[in-house]
Amino acid sequence: MLVVLSVAVMVVDARFTLLKPVRSQMSLVLMQSYWIADLPERLYQGVASQFGSRTELAADNEKLKTENLLLQGRLQKLAALTEQNVRLRELLNSSALVNEKVEVAELIGMDPNPFTHRIIINKGERDGVVLGQPVLDARGLMGQVVELMPYTSRVLLLTDTTHSIPVQVNRNGLRAIASGTGNPERLELRHVADTADIKEGDLLVSSGLGQRFPAGYPVATVKEVIHDSGQPFAIVRAVPTAALNRSRYLLLVFSDGRSPEERAADAAQQQESLEHPSADPAVVPSATLPATTPAAATAAKPAATSPAKPATTRAAPAPAATPAATPAAAPTKTPATKAVAKPPAKPAATKTPATAPETPRQREE
Amino acid sequence: MARHAPARNGWVVWLTFAIGLLLSVSPLPQFMEIFRPLWLALLLAFWALALPHKIGMVTAWMLGLAEDVLYGTLLGQNALILTLITFLVLSLQQRLRMFPMWQQCLVILVIFGLAQLVQLWLSALTGNRQPTLALVLPALVSALLWPWVSYGLRGLRLRLKIN
């Protein structure tokens with residue numbers, strides 16, 4: 001009879017939201033056990049910080065100060081770059097990126113099931129966490145919230161076998177989907193064409209296309225690309241940039257208040273406005289870019305990450321888009337550097353994916 | 001811990017279950033995660049053998065629900081598993097109590113292995129199927145732990161006259 005009851009409960013839990021309050025009430029009490037199980041670690045850290053010697057603390061402080069200085073310096077540049085990005089986007093008639101708000105959360109437990117990669121954090125529904133919210137650590141995306149409890153929530157990590165995230169190569173905007181493999185140090189890019197321009201060391205950033213993760217956060221770096229002639233697609237393995245199994249402090253990203261639909265509409269509009277200038281590629285880049293600061297060389301990065309959506313070297317069926325997009329990114333660089341490449345040659349070079357690697361190499365100088 | 005009359009000290013049973021819940025979520029090194037023993041199942045098996053009039057399938061079901069909430073699985077999944085384990089233990093109870101320890105271990109191994117297989121089916125139904133045979137390892141580890149758990153709890157039970 002209990003068997004029947006548990007089956008019934010399982011079905012109800014799987015299909016309806018009826019049991020959600022029950023679960024949330026139970027978790028209120030039961031989730032304390034994660035906290036208690038985590039207590040020794042916490043105590044150890046507390047004791048260690050109590051007895052940390054003065055010299056150590058001073059050294060630590062020194063290190064943090066330098067790091068802070070470096071970050072501040074970078075931040076100054078970032079302010080200018082953000083401004084510039086906004087201006088460029090205004091010129092392109094597209095919506096500006098809104099700064100996302102973040103909140104710090106702490107990891108309190110790992111999922112005991114070794115075959116899933118989930119963690120438990122100490123922020124929950126009452127802290128304003130929502131389902132599907134992206135979670136970062138200091139180095140990159142970690143995952144998303146999959147279960148809410150009053151004061152805790154469960155986060156599915158990128159490397160779980162059931163998780164996939166839309167990404168793009170930071171270098172050239174090539175889009176792909178990174179799926180988890182169940183190995184905490186590995187993601188795999190599915191269905192990447194053998195001729196796609198992707199190579200070892202490429203940074204993969206979130207593309208924001210799934211409308212769940214914000215665009216532009218680092219996800220992984222490509223570790224190896226295997227071209228096996230027996231396989232229909234290239235095998236691309238990547239290592240997550242976030243310390244998925246080591247980070248203790250995480251950042252919850254609160255994106256702007258727009259609903260997914262509004263965001264989709266905005267994205268579509270943006271896409272449209274990006275595609276318009278691509279009709280005649282000669283006009284837009286040459287008109288907008290020299291007008292802005294000459295420091296456009298450094299701007300190449302943020303400019304490349306966000307509007308690079310049409311830059312699909314992979315989407316061979318739409319060849320019109322490819323030559324258009326690459327010059328858009330390329331001239332940002334070329335006027336400032338010593339004119340590394342001859343811009344007119346480029347649209348010709350990008351027509352076939354096979355020759356595409358040439359452009360990125362020049363851009364990396 | 002005074003020696004009360006019989007039918008006392010029932011809270012110790014619940015204390016062991018609470019500790020079992022803690023152990024089942026306590027952090028372990030990565031490589032040991034797949035060996036994590038089924039603590040709650042072990043405790044349930046022992047108490048069901050020792051106090052069949054107190055600890056039965058309803059207790060198992062409740063504890064299973066608690067475990068479901070902790071693990072974030074479907075409500076009822078672990079409840080079903082633990083109920084099944086308790087049912088098997090209770091139905092073998094008369095024989096199991098007479099068995100020498102190594103034989104008890106074997107029976108526990110079979111019961112827990114069976115339960116893990118059901119677990120595998122259930123998780124396959126809910127969409128996250130695991131790379132199979134590693135799943136039986138917890139059952140094996142639990143069976144190896146059974147003598148220690150059993151002797152330890154028996155000592156505790158005699159000392160506190162839990163009834």
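Helices (H or I, at least four residues) and strands (E, at least two) are DSSP runs, numbered from the N terminus. The model is predicted: local features need pLDDT of at least 70 and side-chain atom pairs count only at pLDDT 80 or more, while totals for chains, interfaces and linings use all residues. Residues are numbered from 1 along each chain as its sequence is written, chains are lettered from A in the order in which they are written, and side-chain values use heavy atoms, with hydrogens and water left out.

**View 1. Annotated spans of chain B.** In the span 38–63 of chain B, 73% is helix and 0% strand, with end C-alpha atoms 13 Å apart. Residues 12–31 of chain B are 70% helix and 0% strand, and here the end C-alpha atoms lie 32 Å apart. Both spans carry the UniProt annotation "transmembrane region" in an unreviewed entry, which also covers 69–92, 104–122 and 134–153 of chain B; such annotations may be inferred rather than shown by experiment.

**View 2. Interface of chain A and chain B.** Contact (heavy atoms within 4.5 Å) links 30 residues of chain A with 34 residues of chain B. The buried area, meaning the accessible area (1.4 Å probe) lost by two parts on being put together and summed over both, is about 2700 Å², and carbon and sulfur atoms give 75% of this area.

**View 3. The side of chain A that touches chain B.** Elements giving two or more residues to this side are helix 1 (2–15), helix 2 (20–30) and helix 3 (32–37) of chain A. Helix 1 of chain A gives the most, with 9 residues.
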